[in-house]
Amino acid sequence: MTQQSELDSIAAKAFKLLLQTRQVIVTAESCTAGLIAATLSRIPGMSTCLAGSFVVYQVASKVAWLELSEEMIARCNVVSSEVAESMAIQALSRTTHATIALSITGHLGPDAPRDLDGIAWLGFASRASGFCSKQLFLQADTSRIPGSQTSLCLRQERQQNAVAQCLEFLCQQLTEGLS
């Protein structure tokens, strides 16, 4: 399981890189339900770099708040590179003072479709360099968990793993912007 201290360390690294690159980030979060922004906000001074977050957990919220196309969601699936990229692009377009956006959409399980269980997609958009996406495979070790708590712990571990992978991806994108 990803520990809070590990997440704080990655968030602190992201903060340093956001400052160095003079970026302001907005997030659009589905399966993490705001946990990326919450993790970033644990770092003192982050308000200089974190514009805010769209928590669009339901498809209806993605459509209403980010104006994602229902047709695209139906055609591509809500857990797809197309949806993740669109979420990031739309969050950035709605947050004029932000310079970059990070999004995530995924299935944490345990009741996800078999081929999407533990799968998430990240989207990244930059006013300077366009957009991209990355597929995530969310890890969880439930071997030590009593049976009655397995579903809850699976989701929590996958959610924390998603946040860690998102922040690492953000750091990678920001580091590439330095070179």
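Asn-77 sits in the loop between helix 4 (70-76) and helix 5 (81-94), and its phi is positive, about 90°, although the residue is not a glycine. The model is predicted, so local features need pLDDT of at least 70 and side-chain atom pairs count only at pLDDT 80 or more, whereas totals for chains, interfaces and linings use all residues. Residues are numbered from 1 along each chain as its sequence is written, and side-chain values use heavy atoms, with hydrogens and water left out.

A second case of this backbone geometry is Ala-33, which is not a glycine either and has a positive phi of about 50°. Ala-33 belongs to the loop between strand 1 (25-29) and helix 2 (35-41). With a relative accessible area of 40%, Ala-33 is partly exposed. A positive phi, near 55°, is also found at Arg-22, the residue that follows helix 1.

Turning to the overall fold, the protein contains six helices and five strands; these are DSSP runs numbered from the N terminus, with helices being H or I of at least four residues and strands being E of at least two. Their order along the sequence is α-β-α-β-α-α-α-β-β-β-α. For 179 residues, a compact globule would have a radius of gyration near 16 Å, and the protein agrees with its 16 Å; the radius is taken over C-alpha atoms, and the globule rule is 2.2 Å times the number of residues to the power 0.38. Along the principal axes, the C-alpha atoms fill a box of roughly 45 × 40 × 25 Å.

Of the 179 residues, 52% are buried. Among contacts (heavy atoms within 4.5 Å) with a separation of 6 or more, 67% join residues 24 or more positions apart. The accessible surface amounts to about 8,600 Å², and carbon and sulfur atoms own 51% of that surface; the areas come from the Shrake-Rupley method with a 1.4 Å probe, and for residues only the protein chains shown count as cover.

Helix 1 (residues 4-21) has 18 residues and should span 26 Å at 1.5 Å a residue, which agrees with the 25 Å between its end C-alpha atoms; the expected span is 1.5 Å times one less than the number of residues. Buried positions in helix 1 include Leu-7, Ile-10, Phe-15, Leu-17 and Leu-18, along with Asp-8 and Thr-21. Helix 5, with 14 residues, reaches 20 Å from its first C-alpha to its last, close to the 20 Å expected. Because 10 of its 14 residues are buried, helix 5 is largely enclosed by the rest of the structure. Among these buried residues are Val-83, Met-87 and Leu-92, as well as Glu-85 and Gln-90.

Helix 3 (residues 59-66) holds Ser-61, which counts as buried at 13% relative accessibility. Leaving aside residues up to four places away in sequence, Ser-61 touches Val-56 and Leu-66. Between Ser-61 and Ser-30 there are 9.5 Å in space, C-alpha to C-alpha, and the pair is 31 residues apart in sequence.

How values were computed. Buried < 20%, exposed > 50% of the residue type's maximum accessible area, 1.4 Å probe, protein only.
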